[in-house]
Amino acid sequence: SDNISMHGHQRDVRSYLSQACVFLLPSFREGLSIATVEAQAAGLPCVISDTIPREVDCGLCRFVPLDSSPEEWARQIDVLATGEELLHVDLERLKKYDAKSTCNEVMELYK
């Protein structure tokens with residue numbers, strides 16, 4: 001409770017992401033996690049479960065099996081939060097998720 005707070009639904013997600021050290025998403029089932037893409041766009045390294053599609057990785061993701069121990073999850077978070085290991089965002093991969101690219105892709109589908 002000293003390190004985690006829940007804020008419910010927020011409109012200004014970027015301001016919250018900018019205050020974080022790591023984005024954590026342990027999920028049993030997840031489609032393409034737009035929240036993970038947003039976190040990477042904000043420069044946050046992401047520790048996410050290996051159930052999430054690899055397509056979400058724009059260079060800042062660390063995939064961890066859900067059945068890994070809590071200590072392993074904590075270790076992965078620590079490595080990224082402390083800067084012990086630096087990941088780098090792939091801007092070209094990130095660009096494919098921006099509104100313009102997505103719109104163009106949809107337009108091409110309907111041509």
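**View 1. Leucine 25 stands opposite isoleucine 48 of strand β2.** Welcome to this predicted model; we start with a pair of residues and widen the view from there. The strands β1 and β2, the latter covering residues 46-49, run parallel and are joined by three bridges. For readers new to sheets, strands pair through backbone hydrogen bonds, in either a parallel or an antiparallel way.

**View 2. Three strands form an open sheet in the order β1-β2-β3.** The pairing in this sheet is parallel. The edges are taken by β1 (23-25) and β3 (61-64); each has a single partner strand, so one side of each has no neighbour in the sheet. On average, neighbouring strands here are turned by 15° against each other, with direction ignored. Helix α3, made of residues 70-81, packs on the sheet and touches β1, β2 and β3. The direction of α3 makes about 155° with that of β2.

**View 3. Arginine 62 and glutamate 85 meet through their side chains in a salt bridge.** The N to O distance is 2.5 Å. Arginine 62 belongs to strand β3, while glutamate 85 sits in the loop between α3 and α4 (91-95), so this pair ties together parts that are 23 residues apart in sequence. Are the two partners buried or exposed? Arginine 62 counts as buried, at 16% relative accessibility, whereas glutamate 85 is partly exposed, with a relative accessible area of 33%. The model's count of salt bridges comes to four, and two others follow in the next view.

**View 4. Within helix α3, arginine 75 forms a salt bridge with glutamate 72.** Their closest N and O atoms are 3.1 Å apart. The two residues are three apart in the helix, which is about one turn. Arginine 75 is partly exposed at 44% relative accessible area, and glutamate 72 is partly exposed at 25%. Another salt bridge links the side chains of lysine 111 and glutamate 108, at 3.2 Å from N to O. Lysine 111 counts as exposed, with 75% relative accessibility.

View 5. Cysteine 21 is in no disulfide, and its nearest cysteine sulfur, in cysteine 46, is 13 Å away. Cysteine 21 is exposed, at 53% relative accessible area, while cysteine 58 counts as buried, at 1% relative accessibility.

Definitions and conventions: Residues numbered from 1 in each chain as written. Predicted model: local features only at pLDDT ≥ 70, side-chain atom pairs only at ≥ 80, totals over all residues. Heavy atoms only, no water. Pairing = 2+ DSSP bridges. Helix = DSSP H or I, 4+ residues; strand = E, 2+ residues; numbered from the N terminus. Axes fitted to C-alpha atoms, helices over the stretch in contact; angles between N-to-C directions. Contact = heavy atoms within 4.5 Å. Disulfide = S-S within 2.5 Å. Buried < 20%, exposed > 50% of the residue type's maximum accessible area, 1.4 Å probe, protein only.
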